[in-house]
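User: I'd like to learn how to read a few features of a protein model. Could we go through them together?

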Amino acid sequence: MRAAIYLRVSSASQEDNHSLPSQEESCRAYAADRGWTVVAVYREVFSGAYLDRPQLTRLRDAIARREVDRVLVHQSDRLGRNQDDRVFLRVEAKRYGAAYLSVLDPTDDTEEGRLVEYVMGYGAALQRRAIIEATQRGIRGRLQAGKRYPGCKPPYGYRWADDAKGALVVYEPEAVVVRRIFDAVANGASLRGLAAALERDGIPTPNPRRADPTKPPMWHIRSLHTILHNPAYKGVSVGNRKQAVAPASGGERKTSTRLRPEEEWTVLPDGTAPAILSPELWERVQGRLITNRERSERSAEPKQDALLRGGFVRCGYCDGPMHVNRNAYGAQYRCENRRRHPVCGKGQHIAAGPLDRQIWETTAMILTNPGVIAAKLRREANPEATAAELAALDASRTDIVRQEANLTDAIARVTTPLAVEALVRKLDALAAQRSALGRQRADAQLRHWGQQAAARQVTDLEAWCRRERREVGRLDYEGKRQRLERLGVVIHVFRPGRFAGRFDMTLRPEGFTLQDMRDPEEPAAATAFPTPRCGSTARSR
């Protein structure tokens, strides 16, 4: 039996009894006791409130490729806090002959067991909601008392005034750097040039603990943005400015943040955060940032030499987005995580033009020939077969109920103990058969619902493709990008010389996968587009 282990915590600092090492130890012991072979371990630091988790997605892909028979988790809530998500994952795994098993709270695969699992998931979701509400009440209480929300650390350039962490004091070694940053931007310096200058001078970053002490500091543009937009540096301390929201797309980030409306902000008393620079300089820098944003290439008409920019292309090793890099040879997609992810080596890169053309040709083929995909999907999505199976099971159960009624009447008529005992044994056997049929019917019902949903997806996909077919030849740059987004196209790029090709092309939302693994710099006739492989997963390697 091939087993995979899924480990999850919500934050990297978690060191309770759900920490990753203790979860893995219990799961490996569980597998060893049963003689199962652990073929993969998936480690996740991500909130269980979201189903779209990077490592969980990889695990689901492996299940769909039938590489895993059992998935072990330390406890059921490691799969997720939402009970509906957990039920969905179990139903999905069952379609491929796999199952999720929990070490601490095992439940059997019966109607009663699934009900227990659902109730436990509902309790986990309520617990998470209660924790969030209690945390928010505590934050509001501190702000109403005129104290800053402590968070993990004070803003760059400050230290906490006391252990209560209600106010800040200036920390001059960092305040000098803050003034340098504001002065440089006010005088027209770019953020990239400023970051490079700070790195050259060896200035420690706002997160020195995360930096590699053997390497020079790395200042990120996001860190500079955070400093430049913080009103505390002009002496205005504000609470409740930001709120956490679900990330706009997949990836490693658990949440994103966005500014609340100004009327929801809480202005704290004067002196809570002493000013490091003048309000005039702070306001001048805000105007400069607005000007820079308006004049940047990102805000102007985007260059149209990179159709797949903005997240369509991802590194096949770290799963990070590949950014557009332009040089004398033209536009390229390049992974920028090479300094943080050694597995990326010197950084993945691939020419944008050939890749764009090949991906759009494949997408156009899908839009103009939906029947090729629909035929394969319909062979897999067959609700008529599962409906016939349900009807047969119902007929068998009706026959057993009839036999039980006849035996009950016979028991009432006989008088000898031996005859009664024989009839009771037959009645017990029929009851066991009826119970087994009930379990079979519950499984068949789940499969039938899944097949019905898949059939609806096929119909919706085919209808949409037929509507789009007339427009394929007339689509402009933005029109093509909209169709790529609608199909959920994701491309993972690998190093040259990989056994199967340079990249994998994946379509997620419609419940199937197309795979084309070809070097886009090779002639188109060298490798024909393979037959689409249909399923409910994302990636095929």
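This is a predicted model: local features need pLDDT of at least 70, side-chain atom pairs count only at pLDDT 80 or more; totals for chains, interfaces and linings use all residues.

User: What is the geometry of tyrosine 156 and tryptophan 219?

Analyst: Their ring centres are 5.8 Å apart and their planes stand at 85°, so this pair is edge-to-face. The pair links distant parts of the chain, 63 residues apart. Tyrosine 156 is in the loop between helix 4 and strand 5, while tryptophan 219 is in the loop between helix 6 and helix 7. Both tyrosine 156 and tryptophan 219 are buried.

User: Which charged residue sits over the ring of tyrosine 317?

Analyst: That is arginine 495, whose charged end is 4.2 Å from the ring centre. Elsewhere, arginine 159 lies over the face of tyrosine 171, at 3.8 Å from the centre of that ring.

User: Now the sheet. What is the order of the 4 strands in the open sheet?

Analyst: As background, strands of a sheet pair through backbone hydrogen bonds, either parallel or antiparallel. In this sheet the order is 2-1-3-4, and the pairing is parallel. Strand 2 (37-45) and strand 4 (99-102) are the edge strands, each pairing on one side only. On average, neighbouring strands are turned by 25° against each other, direction ignored. Strand 3 (residues 70-73) pairs with strand 4 over 4 bridges, and valine 71 stands opposite tyrosine 100 in strand 4.

User: Which strands does helix 1 lie across?

Analyst: Helix 1 (residues 20-33) lies across strand 1, strand 2, strand 3 and strand 4, and runs at about 160° to strand 1. Helix 2 (residues 54-64) also lies across strand 1, strand 2, strand 3 and strand 4, running at about 150° to strand 2.

User: Last one: what should the 17 residues of helix 9 span?

Analyst: At 1.5 Å a residue, helix 9 (residues 352-368) should span 24 Å, and its end C-alpha atoms are 24 Å apart, which agrees. Buried residues in helix 9 include Leu355, Ile359, Trp360 and Ile366.

Conventions:
Residues are numbered from 1 along each chain as its sequence is written. Side-chain values use heavy atoms; hydrogens and water are left out. Rings of Phe, Tyr and Trp (its six-membered ring) pair if their centres lie within 6.5 Å; planes under 30 degrees apart count as stacked, over 60 as edge-to-face and the rest as tilted. Helices (H or I, at least four residues) and strands (E, at least two) are DSSP runs, numbered from the N terminus. Buried means under 20% relative accessible area, exposed over 50%, partly exposed in between (1.4 Å probe, protein chains only). A charge sits over a ring if NZ of Lys or CZ of Arg is within 6 Å of the ring centre and within 35 degrees of the ring normal. The expected span of a helix is 1.5 Å times one less than its number of residues. Two strands pair if DSSP finds at least two bridges between them. Axes are lines fitted to C-alpha atoms, for helices over the stretch in contact, and angles run from 0 to 180 degrees between N-to-C directions. Contact means heavy atoms within 4.5 Å.
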